[in-house]
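Try each task before reading its solution.

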Amino acid sequence: MNSVLVASNRGPVSFTVSDGGELTMRRGGGGLVSGLSGVAKDDGVLWVCAALSDGDRSAVRQAPGGRVDQAGYDTGPVRMLDIAPATFHRAYNAVANSTLWFVNHLLYDIPNAPSFGTKFAREWESYRDYNGAFALALAEEAGHGARVMVQDYHLTLTPAMLRAERPDLRISHFSHTPWAPPEYFSLLPDEVAGEVLEGVLGADHAGFLTDRWAQAFMDCCERLLGADVDRAARTVTHRDRTTRIGVHPLGVDGQALRRRAAEPDVESHMAALREQVGERKLIVRIDRTELSKNIVRGLVAYGEFLAAHPEWHGRVVHLAFAYPSRHDLPEYREYTASVQRCAQEIEDAYATEDWDPLILNVDDDYPRSLAAYRMADVLLVNPIRDGMNLVAKEGPVLSPRCALVLSREAGAAAELGPDALLVNPYDITGTADALHRALIMPEDERRTRRDRLHAAATALPPREWLTTQLDALT
């Protein structure tokens, strides 16, 4: 039985099936996996996750009790749950990504969406079933008095469900996204909003990346549940239970990241990129093609920068890495197409025989991303709204002279704002101006800012981040 468990939708590894039926394992994607996978593996933490693909499901079916680490894979302790595809689709795509994500990132086009009818009721039932599958697996795997860390908006109901099964456990829930203010959160049907809040309050400790998101959650509990909120003590009391609220700004393991970025595959990508761009200055962005990441406005801002500053023509290249995300959803497919159209418009307007002003990559390649970080003169991170955005922290760790252009709506702005060039993510002209200021920043100021960004980015690396939350459950 396990004394420390982590539960999340996406696990630390994923599997693909070749045409010949052979399984290949690779590192899982996303900021949570990037931050925690190494720590969990080293410390023997059991990670419970969902099987997301046909490859994952094949791996689960070959593993005793879904424990892929007991089927010969070097994963660290991992249990994958083979949830029925239809249930998973409704829970993950229709509820988690098309509803809860949209609410917490304030993404709805309010005159047209959302609309909650009988179809959503069926989808919500699948979300309940999905959370229930995690609660049952955790109850089976946890030793008496174990500490269980439930992660993110996919699993908001799991803490309360798990507490009903195993009241002996110490449970935390951590939100890696923003949390919507009450007036926006209440777009959800009343019973759904209440169920989400009460699900999280099933935990002993509810964690957030910034004080802003923690305050929004407490506001929702007070306004929508009538809970007793003590903001000074950071506690929420509801139905005779008290949940402590914590703020834990996840940082970067600088040493591990630098070691990985010095490996031969990264060096090879650096050489290839340098051959492409020569000695030109580099503006880098690395994102999933996620609606909240604001890639299109970032590209438009770069185009406006080129229009306003012809002296930079031929002297700068924008490396824009926009990796596919959630292509099961039509909004995301269209957004990816918009990114590609916008990039092509910049190329058509400014490219010459010997200068490509923009290099857009849409194929996920972690070593190439690390190479881009190391080469960056400017890092652009301009989300509409973001829980933390580890990209903003990884860049200054790997680049010796990176200037950071950062959205004030990124969670990382709470820590990095004093030494970044903060922008309003909707202000294209302001972002274009910030790109120019970042490029012409004097070298001594650039390095001073970067050194302070590096210190802030590594202040609470994953191991310490995990430890502070485990301590909160002691």
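## Exercise 1: a helix pair

H4 passes H7 in a left-handed crossing (left-handed means the near helix is turned anticlockwise from the far one by less than a right angle, right-handed means clockwise). Before going on, keep in mind that this is a predicted model, where local features need pLDDT of at least 70, side-chain atom pairs count only at pLDDT 80 or more, and totals for chains, interfaces and linings use all residues. Residues are numbered from 1 along each chain as its sequence is written, and side-chain values use heavy atoms, with hydrogens and water left out.

Task: work out how H4 and H7 are oriented, and which residues make their contact.

Solution. 
- Step 1: Helix H4 covers residues 118-141; helices (H or I, at least four residues) and strands (E, at least two) are DSSP runs, numbered from the N terminus.
- Step 2: The axes of H4 and H7 are 12 Å apart and the packing angle is about 15 degrees. Axes here are lines fitted to C-alpha atoms, for helices over the stretch in contact, and angles run from 0 to 180 degrees between N-to-C directions.
- Step 3: That angle makes H4 roughly parallel to H7 (under 35 degrees is roughly parallel, over 145 roughly antiparallel, 65 to 115 roughly perpendicular, and the rest oblique).
- Step 4: H4 brings Phe 120, Trp 124 and Arg 128 to the contact, and H7 brings Val 192, Glu 195 and Val 196; contact means heavy atoms within 4.5 Å.
- Step 5: Sorted by class, that gives four nonpolar, no polar and two charged residues. Ala, Val, Leu, Ile, Met, Phe, Trp, Tyr, Cys and Pro count as nonpolar, Asp, Glu, Lys and Arg as charged, and the others, Gly among them, as polar.

## Exercise 2: H7 again, with another partner

Solution. 
- Step 1: On the H7 side, the contact uses Ala 193, Gly 194, Leu 197, Glu 198 and Val 200; on the H8 side, Phe 217, Cys 220, Cys 221, Leu 224 and Leu 225.

## Exercise 3: around H14

Solution. 
- Step 1: Buried means under 20% relative accessible area, exposed over 50%, and partly exposed in between (1.4 Å probe, protein chains only).
- Step 2: The buried residues of H14 are Val 391, Ala 392, Lys 393, Glu 394, Gly 395, Pro 396, Val 397 and Leu 398. That is eight of eight, so H14 is largely enclosed by the rest of the structure.
- Step 3: Arg 401 sits in the loop between H14 (391-398) and strand E16 (403-407), and is buried at 16% relative accessible area.
- Step 4: Not counting residues up to four places away in sequence, Arg 401 touches Lys 281, Ala 376, Asp 377, Glu 443, Arg 446, Arg 447 and Arg 450. With Glu 443 there is a side-chain to side-chain polar contact of 2.6 Å; that term is a pair of N or O atoms within 3.5 Å, where within protein one must be able to donate a hydrogen and the other to accept it, and residues adjacent in sequence count only if both atoms are side-chain atoms.
- Step 5: His 454 belongs to helix H17 (residues 443-457) and is buried too, at 17%. Leaving aside neighbours within four places in sequence, His 454 contacts Arg 258, Pro 396 and Val 397, and its side chain makes a 2.9 Å polar contact with the side chain of Arg 258.
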